[in-house]
Amino acid sequence: MPGTDSSAASKAASEVTPQTEATAKARGGRGHGPGRRRREFTTRRGLLIAGFMAPAAVFVAVFIYYPMVAGSQMAFRNWNLTDLTDTSWVGLKNFQDVFADPAWTTVLDNTLVWVVGSIVPQLVIGFAIALWLRRRFPFRGLYQALIFFPWAISGFLIGILFRWMFNSEFGVVNDLLQKAGLIDEPIAWLADPQTAMTAVLIANIWYGVTFFAIMILAALQSIPDELYEAAALDGAGKARTLFQITIPYIRTTLALTVLLRVIWIFNFPDLIFGMTGGGPNNETHIVTTWMIKITQQGDYGKASAVGLLVVAVLLVFAVFFLLATREKQPANGRRGARGGGRGGRGFGKRGVKA
């Protein structure tokens, strides 16, 4: 009947309307349409968010961006503590003084040795430790705590500890080498230009291995065990599994970790200052420690010029880091798993499907 249908429709509408209003209220609305909710967010919630962010924004602006701008303009002025009456604009003169300094070439060579000589051993040793810690064995948690502990110590403190260890008179390094019969007399590690850089590299390698072990271990734990089981069923050895499953699966993590560590090591003067202070004869000075030395001499203009050069290099690495982070780790892992299946035909289709 038409009348019956009309009454049923009106009854259904009366039952649905309260539910619709309750749903709208539960979602944050007041029953006045989406336009009202947008206006409320931009005025009320927007101001609330801005209020919470304001202290942090002011802190960053005052203590980070303002010093950066003020320090940058010093690089183009005659800013020297020996004569503050003349802070005139000198253009690129400070940069010319940096490049003309006889120590500049030595500092650049030391910086390259410092970064490469630290990154490669840290990556290799950290990778090996991470592979070892991924296995299940008694007291694994205790071993992880002992290995990760150095990362919590200050770099300057690590430098002081290693300065004592490499001391030519009472250092434990010379004592152990003499007892092992490797040397006949103590070596002046930190006073000899030929051994000073080796000493600081050993200290930095010991200090930075922990970071690689932490990052790589976290990536290794994301690899499905089914891939290793399928590879074992297909008769794959440890080396083949490592280069066709493990490394392809975590290669994005490896690349990001290396880039991030390069940025840190390039801008890490703490350990060198704790051990050698840049000596002897500038043989352990890197760019950042040399900049601090120039600052201590009172030539703020030249030191600011070096600082801008450091910022320029770090920006290049930062751009590479940001570009590398665009690639998703799970997608890269799937490509690595498929690449491993294609690279090793002996894995069979089970390895790919797993």
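The model is predicted, and its chain has a mean pLDDT of 80. The structure contains eleven aromatic pairs, and ring pairs join Phe162, Phe166, Trp189 and Trp206 into a cluster. Helices H6 and H8 pack with their axes 10 Å apart.

**Confidence along the chain**

- A pLDDT of 70 or more is reached by 80% of the residues, and the mean for the chain is 80.
- Residues 1-6 have a pLDDT below 50, and beyond near neighbours in sequence the model gives this stretch zero contacts.
- Residues 328-354 also stay under 50 in pLDDT, but here the model has 41 contacts beyond four places in sequence.

**Aromatic pairs**

- Eleven aromatic pairs are present in the structure, among them the one formed by Phe76 and Phe95.
- The rings of Phe76 and Phe95 sit 5.6 Å apart, centre to centre, with 45° between their planes.
- Phe76 is partly exposed, at a relative accessible area of 23%, whereas Phe95 is buried, at 12%. The cut-off for buried is under 20%.
- Elsewhere, a cluster linked by ring pairs takes in Phe162, Phe166, Trp189 and Trp206.

**Packing of H6 and H8**

- Helix H6 covers residues 155-165 and helix H8 covers residues 193-220; the two pack at an angle of about 135°, and 10 Å separates their axes.
- Is this arrangement oblique or roughly antiparallel? H6 and H8 are oblique to each other, because roughly antiparallel would need an angle over 145 degrees.
- The crossing of H6 past H8 is right-handed.
- On the H6 side, Gly155, Ile158 and Phe162 make the meeting with Ala203, Trp206 and Tyr207 of H8.

**Leu315 in helix H14**

- Leu315 is part of helix H14, which spans residues 300-324.
- Is Leu315 buried or exposed? Its relative accessibility is 52%, so Leu315 counts as exposed, the cut-off being over 50%.
- Leu315 and Ile263 are separated by 52 residues in sequence, and their C-alpha atoms lie 9.2 Å apart in space.

Definitions and conventions. Residues numbered from 1 in each chain as written. Predicted model: local features only at pLDDT ≥ 70, side-chain atom pairs only at ≥ 80, totals over all residues. Heavy atoms only, no water. Phe/Tyr/Trp six-rings, centres within 6.5 Å; stacked < 30°, edge-to-face > 60°. Buried < 20%, exposed > 50% of the residue type's maximum accessible area, 1.4 Å probe, protein only. pLDDT = per-residue confidence, 0-100. Contact = heavy atoms within 4.5 Å. Axes fitted to C-alpha atoms, helices over the stretch in contact; angles between N-to-C directions. Helix = DSSP H or I, 4+ residues; strand = E, 2+ residues; numbered from the N terminus. Parallel < 35°, antiparallel > 145°, perpendicular 65-115°, else oblique. Left-handed = near helix turned anticlockwise from the far one by under 90°.
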